[in-house]
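These are my notebook entries on one protein model. I record what I looked up, entry by entry.

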Amino acid sequence: MMTSKFLADAEIERRANRLLGRYEVGYGPISSAPIPVERILEDVLDLSILWDAIPEEPGQSILAGLDPNNKTVVFNESRLALIEETPGLYNTVLGHEAGHWEAHVDPALLDQTPLPHFERQFGCLFRGSGPGQHPRERQAHKFMAFLLMPTSLLLETIQGIDLLNWSNLYRLRDLFQVTITALTVRLTRLNLLYVADDKQLFPSRQEYEGQMRLAF
C-alpha cells in the first residue's frame with residue numbers, strides 16, 4: 001500500500017507542480033496565494049477530509065493520519081483546538097498528506113472494498129512534534145512546501161519584501177496559510193533566509209556563519 005524510495009528534491013517538486021497543473025486544468029490558473037489545498041485534495045485527488053478520534057500512546061500527540069484504503073485524511077478530533085489555534089497548521093498538514101498520497105501510495109495495492117465498521121489502518125501519522133526523520137516523512141513535507149509555496153509564485157510574492165523582519169514573515173505566513181516553520185524552512189532551502197538559534201534573521205546561512213567567525 002505504502003511505498004518508500006529515494007526521491008530527489010527536483011522529482012518531488014515536479015510531482016507537486018504536476019498536481020497544481022491538474023487543478024489548474026479543471027479550475028483555472030492559480031495566480032496568487034494561498035493555494036486551495038483543500039479543494040485539490042477533494043476535487044483532484046478525490047480524498048475525503050474528516051475529523052475522528054485517533055488513538056494516541058501516552059506522551060504522543062497525533063494531529064492527523066492518512067487512511068489510504070478509504071482515501072481519507074483524518075484529523076484527530078482531540079487536537080482540534082491546537083490545529084485551529086496554530087495559524088497555517090491545517091493547510092500544512094493537508095499538503096503533507098497530499099505528498100504521501102502522490103509519492104507513497106500505490107493505488108494498485110489499495111483495498112477496493114472496505115467494510116463498514118472497520119478499524120482504520122493509517123498509512124502515515126502526522127505527529128505534533130513534526131514530520132520526523134523517516135525519509136518518507138521528509139519527502140511528504142518537502143512536497144507540502146513545493147505545493148503550498150510554489151517556487152515561481154513565492155519568488156514573485158516576496159519581491160521587495162524585507163525578509164529579515166519577523167512581522168513581514170508572519171504576513172507571508174498568513175498569505176500562504178502555512179505554519180511559520182514551513183515558511184522559514186522553505187526560504188532557507190532557497191538560500192534566501194537563515195534563522196539562528198536565538199531567532200535572529202540573516203540573509204543566508206553563509207552570512208550567519210561569516211558573522212559567527214568574525215565574532216571569535
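I take helices (H or I, at least four residues) and strands (E, at least two) as DSSP runs, numbered from the N terminus. The model is predicted, so I note that local features need pLDDT of at least 70, that side-chain atom pairs count only at pLDDT 80 or more, and that totals for chains, interfaces and linings use all residues. Residues are numbered from 1 along each chain as its sequence is written, and side-chain values use heavy atoms, with hydrogens and water left out.

Entry 1: the chain as a whole.
I find 9 helices and 6 strands in the protein chain. I call a residue buried under 20% relative accessible area, exposed over 50%, and partly exposed in between (1.4 Å probe, protein chains only). On that scale 43% of the 216 residues count as buried. The protein chain exposes about 11500 Å², of which carbon and sulfur atoms supply 51%; accessible areas come from the Shrake-Rupley method with a 1.4 Å probe, and for residues only the protein chains shown count as cover. Contact means heavy atoms within 4.5 Å. Of the contacts between residues at least 6 apart in sequence, 65% join residues at least 24 apart.

Entry 2: glutamine 121.
I located glutamine 121 in the loop between α4 and β4 (124-127). With 47% relative accessibility, glutamine 121 counts as partly exposed. Which residues does glutamine 121 touch, not counting those up to four places away in sequence? I list Leu66, Asp67 and Pro68. I also checked glycine 65, which is 56 residues from glutamine 121 along the chain, and the two C-alpha atoms are separated by 9.3 Å.

Entry 3: α1 against α2.
For this pair I fitted axes as lines to C-alpha atoms, over the stretch in contact for helices, with angles from 0 to 180 degrees between N-to-C directions. Helix α1 (residues 9-27) packs on helix α2 (residues 37-44) at an angle of about 80 degrees, and their axes are 10 Å apart. That angle makes α1 roughly perpendicular to α2, a label that covers 65 to 115 degrees, where under 35 is roughly parallel, over 145 roughly antiparallel and the rest oblique. From α1, the residues Leu19, Leu20, Arg22, Tyr23 and Tyr27 meet Arg39, Ile40, Asp43 and Val44 of α2. By class, this contact has 6 nonpolar, no polar and 3 charged residues. For the classes, Ala, Val, Leu, Ile, Met, Phe, Trp, Tyr, Cys and Pro are nonpolar, Asp, Glu, Lys and Arg are charged, and the others, Gly among them, are polar.

Entry 4: the buried side of α2 and its ends.
I list Val37, Ile40, Leu41 and Val44 as the buried residues of α2. Down the axis of α2 these buried residues fall within an arc of 110 degrees, so they line one face of the helix; the arc is that of the directions from the helix axis to the C-beta atoms. An α-helix has 3.6 residues a turn, so residues three or four places apart point the same way. The buried residues of α2 pack against α1, β1 (48-52), β3 (72-76), α4 (89-104) and α5 (135-148). In the loop between α1 and α2 I find proline 34, and the peptide bond from alanine 33 to proline 34 is cis, with omega near 5 degrees. Aspartate 46 follows α2 and has a positive phi, near 60 degrees.

Entry 5: α7 and α8.
In α7, I find Asn168, Leu169, Leu172, Arg173 and Phe176 buried. Their arc about the axis of α7 is within 145 degrees, so they line one face of the helix. Cover for them includes α5, α6, α8 and β6 (201-202). Glutamine 177 lies in the loop between α7 and α8; its phi is positive, near 55 degrees. In α8 (residues 180-189), the buried residues are Ile180, Ala182, Leu183, Thr184, Arg186 and Leu187. They pack against α1, α4, α5, α6 (151-157), α7 (166-176) and β5 (194-195). Just after α8, asparagine 191 takes a positive phi of about 60 degrees, and at 41% relative accessibility asparagine 191 counts as partly exposed.

Entry 6: tyrosine 194.
Is tyrosine 194 buried or exposed? Tyrosine 194, in strand β5, is buried, with a relative accessible area of 12%. Leaving aside neighbours within four places in sequence, I find tyrosine 194 in contact with residues including Thr188, Phe202, Arg205 and Tyr208. Tyrosine 194 and glutamate 207 are 13 residues apart in sequence and 8.6 Å apart, C-alpha to C-alpha.
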